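User: I have a structure open and would like to go through parts of it with you. Could we begin once it is displayed?

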Amino acid sequence: MVDYAAAGVDIEAGDRAVELMKNAVAASHNATVVAGAGGFAGLIDAGALRDMKKPLLASSTDGVGTKIAIAQAMDIHHTIGQDLVAMVVDDIVVTGAKPLLMTDYIACGQVIPERIADIVRGIATACAEVDCPLIGGETAEHPGVMEPDDYDIAGAATGVVEAEDVLGAHRVAAGDVLIAMDASGLHSNGYSLVRKIVADAGKPLSWQVADLGRTLGEELLEPTRLYTQHCLALLRELPAGTIKAFSHITGGGLGANISRVIPRGHYATVDRSSWTIPPVFSLLASLGAVTWDAMEQTFNLGVGMIAVVDADEVDEAVGHLRQRGLRPWVIGSVVQRPPSGLANTTVVQGMKGVDGGSALLYGTYRTA
C-alpha cells in the first residue's frame, strides 16, 4: 500500500517539530496576538491603528541566502533564524515603521524535528528581541525535489508607520550627516563569494584563525545584528525630524544601499578611512585575492546600518547609540556638489532600481 509516508513525507515528524518549537514561538508573542483560526492563520489585534491619522503598512520578505550552506556544513542551525529576522525587519524599519508581525517558511528534503525546531527557535528568539511576534509559519517537506539534509528558509513581516512620519530621500537635505552603526560581521550577504573564496583556498571551516579568535566557520555563522530597536529608539528619543532616513547595508554593499536614500542631485560622501575594517573582510580579500573595489560592491565591510541625521543632533544621536551598546561613528555627509581634491573616489548611483542620488566613497580603508 502506498501512502504519504511511502512518498517520503513524515507527518508525525512535522508534529514533533511543532512541539519542540512552540514554547519559543509563544515567547515571541506580545499583547497584540490573538489565539484562534485553528492554526490556519495568525491573528493580531490592530485596534491601536485606529489612533493613527493615516497608518501605512510596510511589508518585506527575504531569506538568508547561501549562508545556509555554512550552517548545514557545520550542523549548527539555531543562529540563522536571527539572520532571517534581521534581513526582513531591518528593511521595514528604514521606512520608520514598527514591525507588527512576522511569518516564516521552511522547505526541506526531510523533516528532522530537532533541526527544524532549532531554526524556528532562532527565528522566534530574534522576533522577541525586536518585539515582532512570530504568528505563523509553514514547514514543507519536499522529498525527491530536495536532498534529505537540504533546506531553505524565508520570512515575511508587516509593520506600520504614520504617513507623515515615513522616512526616506524626500526628507534628506544637504548638510545632513551620515552616522554608521557597526556590523556584527558579514551578516547575510555575499556568501556565494565567501564560499568560493574558502573552497578555492582549501580552508576548512574548522580552521582556527588567530586574527578572528575563533574558527573560520564560527566567524562565518555570526548572526546578523538586529537594528530595529536601535532605530526605533532614535526616532522615539530624539526631537521630531532629527532622523531623515535609514539605509540597511545589505547586498550590493555601502554605495548601492546608501544611494537609495539620497535625493537626486545630491551626494552622500563616505570617508573610507573613518573606521577600521573588521579582520574577517581582510582575511577574505587576502585568501581570494579580491580587490577592495569588489569587496566594497559585495560586503558591508563592517557597516550594518546608516542613519541620516540633522547636523544639529549628531552628538545626541551618537550618544544614544553608544548607550545602547553600539559603536557608532560619523561616516560622511550629504552635499549638493562633489568636493574637489578627494583621493580614490568612487561614485555609485542608480542602484537597486532606485533613480535617486549618489554615494561618493573616497580615501583608503584602514585594516586591522
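Analyst: Asp131 counts as partly exposed because its relative accessibility is 31%; buried means under 20% relative accessible area, exposed over 50%, and partly exposed in between, with a 1.4 Å probe and protein chains only. This is a predicted model, in which local features need pLDDT of at least 70, side-chain atom pairs count only at pLDDT 80 or more, and totals for chains, interfaces and linings use all residues. Residues are numbered from 1 along each chain as its sequence is written, and side-chain values use heavy atoms, with hydrogens and water left out.

User: Where is Asp131 found?

Analyst: Asp131 is in the loop between α4 (113-129) and β5 (134-141). Helices (H or I, at least four residues) and strands (E, at least two) are DSSP runs, numbered from the N terminus. The phi of Asp131 is near 55°, which is positive in a residue other than glycine.

User: What about the phi of Leu301?

Analyst: Leu301 is not a glycine, yet it has a positive phi of about 55°. Leu301 sits in the loop between α10 (292-296) and β13 (303-309). Leu301 is buried, because its relative accessible area is 0%.

User: Now helix α2. Which of its residues are buried?

Analyst: In α2 (residues 67-74), the buried residues are Lys67, Ile68, Ile70 and Ala71. They lie on the same side of α2 because they cover an arc of only 155° around the axis; the arc is that of the directions from the helix axis to the C-beta atoms.

User: Why would residues a few places apart point the same way?

Analyst: An α-helix has 3.6 residues a turn, so residues three or four places apart point the same way.

User: What do the buried residues of α2 pack against?

Analyst: The buried residues of α2 pack against α3 (80-92), β6 (151-162), α5 (191-201) and α6 (216-220); contact means heavy atoms within 4.5 Å. Just after α2, Asp75 takes a positive phi of about 55°.

User: Changing topic: how many disulfides are there?

Analyst: A disulfide is a pair of cysteine sulfur atoms within 2.5 Å, and by this rule the count is 0. Cys108 is in no disulfide, and the nearest cysteine sulfur, that of Cys127, is 19 Å away.

User: What is the place of Ser259, and is it buried or exposed?

Analyst: Ser259 is in the loop between α8 (253-258) and β11 (267-271). Its relative accessibility is 2%, so Ser259 counts as buried. Leaving aside neighbours within four places in sequence, its contacts are Val348, Met351, Gly356, Gly357, Ser358 and Ala359.
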